[in-house]
Amino acid sequence: SVNVGVGGFTCDDVNGIIDGNLQTYNPKWVVIVCGENDLFGQSVSATFSDFKVVIGKTIASGAQAIYVGTKPEPSTKSIHSKYQNYDALIREYADSLAIGTSSPPLVMIDVYPAFVNLGNPESLYDKDRLHLSSQGYENWNTWTTTALYDPIGGCIRWLSNACDLSVAPITTTTTTTMVATTSGTATTTASTTATQEVVMALAGNTCPNGHVKLTTLAGCKSSMNELSLSNFAGIENEKSWPGGCYHCNNVPGCTNGVWFNSATPGASNGGATPICVVPGWETPVNCVNDSNWQWTNKSGKIKKCGWVAWRESRCNKIGDDGITLAREACPEACNVAC
């Protein structure tokens with residue numbers, strides 16, 4: 001790698017030298033840090049416009065770009081809102097550039113929330129509380145190395161050294177057709193691409209483009225068959241784990257297997273990986289209670305669905321018809337998806 005960065009440069013300054021650097025080094029990747037200096041005296045929109053010129057030149061050269069995001073420096077609190085608005089625009093820009101690709105042209109390392117997740121300690125910064133310390137640079141270097149290597153492929157945005165958003169996996173189907181002609185037999189081959197309906201996302205709490213989280217226990221269990229997973233670990237309501245359906249494999253604090261978490265939206269946690277589906281794959285859940293269901297106790301008192309009220313033992317009661325479980329008749333009380 002070659003370090004041609006200049007301390008104190010703005011995005012506009014980068015635009016003045018990047019053409020020559022791209023021509024001289026013909027890089028496969030370009031790591032870009034610019035925007036913070038601009039925002040001291042310039043609007044978010046103007047800075048973002050300059051940034052897009054940098055990225056446009058980089059992509060046009062055949063290289064991919066990695067943007068290292070802003071950081072919540074203790075000495076610049078007055079413009080932190082500008083930092084966050086600037087990064088939000090770049091997130092959307094990176095997402096839009098990745099549509100229809102298997103390898104995103106612009107990858108973002110989301111530093112600001114990652115430092116916040118670490119508690120944003122003073123130890124991340126030098127004595128001026130502006131520039132990074134050796135510890136801060138160590139995080140930068142680790143996260144950038146991971147983004148460059150991208151062990152799974154297709155990651156658009158990295159957060160705390162884990163992929164927070166990736167492109168949708170694509171499968172290719174090839175069809176060969178034999179066609180009889182007056183001069184013999186001709187062979188035609190056609191390839192079509194389709195998005196996988198059920199995918200295991202990268203570690204985090206989001207789904208790749210074109211996919212959504214599962215919202216029902218039934219959908220979660222059905223997805224296991226599609227992914228050849230057999231161990232269903234259980235149901236939970238935990239804000240600190242990914243929402244919906246997710247999988248653990250040797251993740252600290254998590255029993256191996258598939259979990260259904262009714263907490264919304266949930267959160268990234270270690271290597272836990274969400275299971276995602278294309279919109280419409282999951283069968284809508286009927287959450288309407290059967291008004292005719294009842295169970296009569298030993299005292300002769302009739303109990304209806306309202307009595308069940310999210311108690312597991314009551315959900316397992318068989319109604320007076322001798323067949324229907326409260327779990328089936330009273331989804332509003334017994335189905336975690338309702």
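Cys34 is buried in this predicted model, at 5% relative accessibility; buried means under 20% relative accessible area, exposed over 50%, and partly exposed in between (1.4 Å probe, protein chains only). Cys11 is buried as well, at 0%. The two residues form a disulfide, with their sulfur atoms 2.2 Å apart; a disulfide is a pair of cysteine sulfur atoms within 2.5 Å. The torsion about this S-S bond is about 95 degrees, so the link of Cys11 and Cys34 is right-handed. Distant parts of the chain are joined by this pair, 23 residues apart. Cys11 lies in helix H1 (residues 11-25). Cys34 lies in the loop between strand E1 (29-32) and helix H2 (44-60). Helices (H or I, at least four residues) and strands (E, at least two) are DSSP runs, numbered from the N terminus.

The model is predicted, so local features need pLDDT of at least 70 and side-chain atom pairs count only at pLDDT 80 or more, while totals for chains, interfaces and linings use all residues. Residues are numbered from 1 along each chain as its sequence is written, and side-chain values use heavy atoms, with hydrogens and water left out.

The structure holds 6 disulfides. Among them is the link of Cys207 to Cys276, with an S to S distance of 2.1 Å. The value about its S-S bond is -85 degrees, and the link is left-handed. Cys207 lies in the loop between strand E8 (198-200) and strand E9 (212-213), and Cys276 in strand E13 (residues 273-277), so the pair ties together parts that are 69 residues apart in sequence. Cys207 is buried, with a relative accessible area of 11%. Cys276 is buried too, with 0%.

Another disulfide joins Cys220 to Cys245, S to S 2.1 Å. This link of Cys220 and Cys245 is right-handed, with 65 degrees about the S-S bond. Cys220 sits in helix H6 (residues 217-226) and Cys245 in strand E11 (residues 242-248), so parts 25 residues apart in sequence are tied together. Both cysteines, Cys220 and Cys245, are buried.

Strands of a sheet pair through backbone hydrogen bonds, either parallel or antiparallel. Here, 5 strands form an open sheet in the order E1-E2-E3-E4-E5, with mixed pairing. Two strands pair if DSSP finds at least two bridges between them. E1 and strand E5 (162-166) are the edge strands, and each pairs on one side only. From one strand to the next, the twist averages 20 degrees; axes are lines fitted to C-alpha atoms, for helices over the stretch in contact, and angles run from 0 to 180 degrees between N-to-C directions. Strand E4 (residues 155-159) and E5 run antiparallel, joined by 4 bridges. Arg157 has Leu165 as its bridge partner in E5.

Leu165 also lines the largest cavity. On a 1 Å grid over the protein atoms alone, a cavity is a set of points where a 1.4 Å probe fits but cannot get out, and lining residues have an atom within 4 Å of a point. Grid points are joined across faces, edges and corners, and a volume is the space filled by probe spheres set on the points. The count comes to 1 cavity of 30 Å³ or more. About 40 Å³ of space lies in the largest cavity. Its lining residues include Cys163, Asp164, Ser166, Ala201, Thr206 and Pro208. Cys207, a partner in the disulfide with Cys276, is also one of the lining residues. By class, the lining has 7 nonpolar, 2 polar and 1 charged residues. Ala, Val, Leu, Ile, Met, Phe, Trp, Tyr, Cys and Pro count as nonpolar, Asp, Glu, Lys and Arg as charged, and the others, Gly among them, as polar.

Technical notes: 1 Å grid on protein atoms, 1.4 Å probe; cavity = no way out; pocket = protein on both sides within 12 Å on 5 of 7 lines; lining within 4 Å.
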